[in-house]
Amino acid sequence: MIDPTRGARHYDVVAFVGSLRSGSYNRMLFNNVRRLSPANMAISELTGWDEWQTLDVDLLNDGIPDAVTAMAQRIAESDAVLFVSPEYNYSIPGGLKNGIDWLSRVSPQPFTGKVVGIMGASTGAIGTARMQYHLRQVLVFLDGHPVNKPEVMVGRAAKEFDGEGHLVSEFYRTQVTELLENLARQADRFKD
Ligand SMILES: Cc1cc2nc3c(=O)[nH]c(=O)nc-3n(C[C@H](O)[C@H](O)[C@H](O)COP(=O)(O)O)c2cc1C
């Protein structure tokens, strides 16, 4: 757990869940994240990005939509961002990438200096590893600070959740807890 001796700091984390599918394993993983998060960490999901038009730079001439600006503001105010996403065709799902692209056009760019946690679940063997490394690459350009370890990659997801959507393995539950701890530690380091 997060060290209580570090005072009463409260962590405000905003999260993207990259799957819109009913019954999504990534939604289940996110629900586990919420259950396992420490009492002094609030995790709020950012929603609505899936309704944004496909980014066409001509649209920027009409101004950034209010919903994009508002989400960028929410990210900027947060202590950290968490991505919980599937892997599509070895990469970031297109809808989520479109959302990131829109947000990246807001000034100041909201991911700059932001601490970022990444995790994902897939039915494939290596649990979104390739998506995660593509997202890390995107974050280089956006000047974010992804947490390096642990890499939470829930492979063969159909076997990893019980009927109530709980992670069945202690291994992944521990990994989720450790990633949240490291997210908080890194947020401390990068504060100001
Ligand atoms: C368009 C598409 C592409 C996919 N590509 C991959 C892939 O590259 N690697 C992988 O492990 N699974 C891939 N899958 C399978 C997903 O892991 C699986 O659909 C998973 O359940 C998606 O996450 P969700 O349950 O949160 O929706 C793909 C699925 C779709 C729909």
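Predicted model: local features only at pLDDT ≥ 70, side-chain atom pairs only at ≥ 80, totals over all residues.
The largest nonpolar core of the model comprises 39 residues, and the members that touch the most others are Val13, Leu29, Ala80, Val84 and Leu183. Two or more residues are contributed to this core by each of the strands S1 (11-17), S2 (41-45), S3 (80-84), S4 (115-121) and S6 (152-154), and by each of the helices H1 (25-36), H5 (129-142) and H6 (170-190). Helix H6 supplies seven residues, the largest share of this core. In soluble globular proteins, nonpolar side chains tend to be buried together.

The surroundings of two residues were examined in more detail. When neighbours within four places in sequence are left aside, Val84 is in contact with Ala15, Val17, Gly18, Asn26, Leu29, Phe30, Val33, Met119 and Gly120. The other residue, Leu179, is located in helix H6. Leu179 is classed as buried because 21 C-beta neighbours lie inside 10 Å, the threshold for burial being 20 or more. With neighbours within four places in sequence again set aside, the contacts of Leu179 are Gly117, Met119, Val147, Pro150 and Val152. Between Leu179 and Gly120, which are 59 residues apart along the chain, the C-alpha separation is 12 Å.

Helices H1 and H6 cross each other, with axes that come within 10 Å and an angle of roughly 65°. The crossing of these two helices is right-handed. On the H1 side the contact is formed by Asn32, Val33 and Leu36, and on the H6 side by Arg173, Val176, Thr177 and Leu180. By residue class, the contact of H1 with H6 consists of four nonpolar residues, two polar residues and one charged residue. Val33 of H1, which takes part in this contact, is also among the residues in contact with Val84.

The ligand is surrounded by 13 residues, of which the closest are Ser19, Asn26, Pro86, Ser122 and Gly124. The shell around the ligand is made up of seven polar, four nonpolar and two charged residues.

Several backbone features concern loops. Most residues other than glycine have a negative phi, and most peptide bonds are trans. A cis peptide bond is present between Ser107 and Pro108, with omega about 0°. Pro108 is in the loop that runs between helix H4 (94-103) and S4. The peptide bond from Lys149 to Pro150 is likewise cis, and its omega is near -5°. Pro150 is situated in the loop between strand S5 (145-146) and S6, and this proline is included in the contacts of Leu179.

Positive phi values occur at Asn89, where phi is near 50°, and at Tyr90, where phi is about 70°; neither residue is a glycine. Asn89 belongs to the loop between S3 and H4, and Tyr90 is also placed in the loop between S3 and H4. Asn89 is exposed, since 9 other C-beta atoms are found within 10 Å. Tyr90 counts as exposed because it has 12 C-beta neighbours inside 10 Å, the class covering residues with 12 or fewer.

Technical notes: Residues numbered from 1 in each chain as written. Core = buried A, V, L, I, M, F, W, Y, C linked by C-beta atoms within 7 Å. Helix = DSSP H or I, 4+ residues; strand = E, 2+ residues; numbered from the N terminus. Contact = placed C-beta atoms within 7 Å. Near = placed C-beta within 6 Å. Nonpolar A, V, L, I, M, F, W, Y, C, P; charged D, E, K, R; others polar. Axes fitted to C-alpha atoms, helices over the stretch in contact; angles between N-to-C directions. Left-handed = near helix turned anticlockwise from the far one by under 90°.
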